[in-house]
Amino acid sequence: MAAQTVFSTERLRRARFAVAAVFCVHGAVTGSFATRIPWIQDHAGVSAGQLGLALAFPAIGASLAMPVAGAISHRFGARTALRGLLTLWTLSLILPSLAPNVYGLCAALFVYGATAGMSDVAMNALGVETENRLGRSIMSSLHGMWSAGALIGSAAGTVAAHLGGDARLHHLIAALVLTATGLVCCQGVLDLQSAPEEEAPPRFSLPPKSALVIGAIGFCGVFAEGASLDWSAVYLKDELGTSAGLAAASTTAFALTMAVARLVGDRVVDRFGAVRTVRVGGVAATLGGLLVVFASHAALALAGFGLIGLGVAVVVPLAFAAAGRSGPNPSQAIAGVATITYTSGLIAPSAIGGIADATSLVFSFGLVTLLAFGLVLGAGVLRPGGRSTAGAAKAGPSGGVR
């Protein structure tokens, strides 16, 4: 548990904006990288299959490195740890575009993923602490800011790609700008230190049981998210015979509904609680999945993907928030949930493709619909100690992790 320090309301508000900016910077790195993948593929001279293999390495690196973030935060304090880990993450953007071949690309993406995962855990842990001390939900909007950052980074990358810019120069400039921005933002976050009597978390450990249970909900949400994001356009084109432009619109509809829902989700969580919010979201995502599966027209499928995005938008933020309150080591629990969700995001696209090859893409989205219904059945795990997540955030005068 972090040492309890009382902060003024104004200080907490500034900390909220600062950590939101950190989430935005983190997302901008991802958006900057994603738009230049074709350039990186050509520069490294890798085939589509080799690229697919290399793109698995960020998740591998993140999964292995995330448990270390708790030990780093314990030793150096939350602000210093976040400052260092975020800097490593923003600077790692430079590495993939320098890779000369598939081996170099795999190594670069492993480092890229490891720094992404550790900074992800550190900023989510600080977000949970800030939420607790404010006494109201902010995690959904923080993840909304991550989505906004990803959009900003991808927009800049799209412009650079359209102009035919060298990704090495583009990523060098982006990394320097985002590093400087991140360092400024980190100055405003809460400077939390571990209590003197608190035992340091292990550098590597299995996720606690609480994280496994909460992570199962995150798994369902992220699987539906990853499947829809990567396969919605293919679904409309192959199953419903739409044009490429209309098919691409399904991805846009999904991403926009997710971003908007995350930005406004905190108000919903504060009013109705985490459990009810996720249950209703699960119902929306399930209905969306059914629309996709039984759609005879593109408009129905578009509406279905939009409902899936709306329904799963707040699942991961609330899973992180619940993990941060589930035990004495919030960073360890968050790392456990993050590992499970990263794994889900890694396997979802390939699992959908494998099932589609064996059966059909319609059947694949039947599985997505079942997992969405799992949110309805399992939302109760987000109520630690018999309380809703939002209620837990309001309990206690100091607002620390409980």
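Colleague: Is Phe365 buried or exposed?

Modeller: Keep in mind that this is a predicted model. The relative accessible area of Phe365 is 1%, and the cut-off for a buried residue is under 20%. Phe365 therefore counts as buried.

Colleague: Which other residues of α15 are buried?

Modeller: Helix α15 covers residues 361-378, and Phe365 is on its list of buried residues. Residues three or four places apart in an α-helix point the same way, because there are 3.6 residues a turn. Besides Phe365, the buried residues of α15 are Leu361, Ser364, Val368, Thr369, Leu371, Ala372, Gly374, Leu375, Val376 and Gly378.

Colleague: How far does α15 reach from its first C-alpha to its last?

Modeller: Helix α15 has 18 residues. At 1.5 Å a residue, the expected span is 26 Å, and the model comes close to that. From first to last C-alpha, α15 reaches 26 Å.

Colleague: Let's turn to the rings. How many aromatic pairs does the structure hold?

Modeller: Phe33, Trp89 and Tyr112 form one aromatic cluster. Counted over the structure, the aromatic pairs number six.

Colleague: What kind of aromatic pair do Tyr235 and Phe305 form?

Modeller: Their ring centres are 6.0 Å apart, and the planes make an angle of 80 degrees. Planes over 60 degrees apart fall in the edge-to-face class. The Tyr235 and Phe305 pair is therefore edge-to-face.

Colleague: Why does that pair tie together parts that are apart in sequence?

Modeller: Tyr235 lies in α9 (residues 209-240), whereas Phe305 belongs to α12 (residues 298-312). Both partners are buried, Tyr235 at 2% relative accessible area and Phe305 at 0%.

Colleague: Which helices hold the partners in the pair of Phe305 and Phe365?

Modeller: Phe305 and Phe365 form an edge-to-face pair, 5.5 Å centre to centre with 85 degrees between the planes. The pair links distant parts of the chain, 60 residues apart. Phe305 is in helix α12 and Phe365 in helix α15.

Colleague: Finally, Asp266: with which side chain does its side chain make a polar contact?

Modeller: Asp266 is found in α10 (residues 244-272), and at 5% relative accessibility it counts as buried. Leaving aside neighbours within four places in sequence, its contacts include Arg16, Ile138 and Ser141. The polar contact, at 2.9 Å, is with the side chain of Ser137.

Definitions and conventions. Residues are numbered from 1 along each chain as its sequence is written. This is a predicted model: local features need pLDDT of at least 70, side-chain atom pairs count only at pLDDT 80 or more; totals for chains, interfaces and linings use all residues. Side-chain values use heavy atoms; hydrogens and water are left out. Helices (H or I, at least four residues) and strands (E, at least two) are DSSP runs, numbered from the N terminus. Buried means under 20% relative accessible area, exposed over 50%, partly exposed in between (1.4 Å probe, protein chains only). Contact means heavy atoms within 4.5 Å. A polar contact is a pair of N or O atoms within 3.5 Å; within protein, one must be able to donate a hydrogen and the other to accept it, and residues adjacent in sequence count only if both atoms are side-chain atoms. The expected span of a helix is 1.5 Å times one less than its number of residues. Rings of Phe, Tyr and Trp (its six-membered ring) pair if their centres lie within 6.5 Å; planes under 30 degrees apart count as stacked, over 60 as edge-to-face and the rest as tilted.
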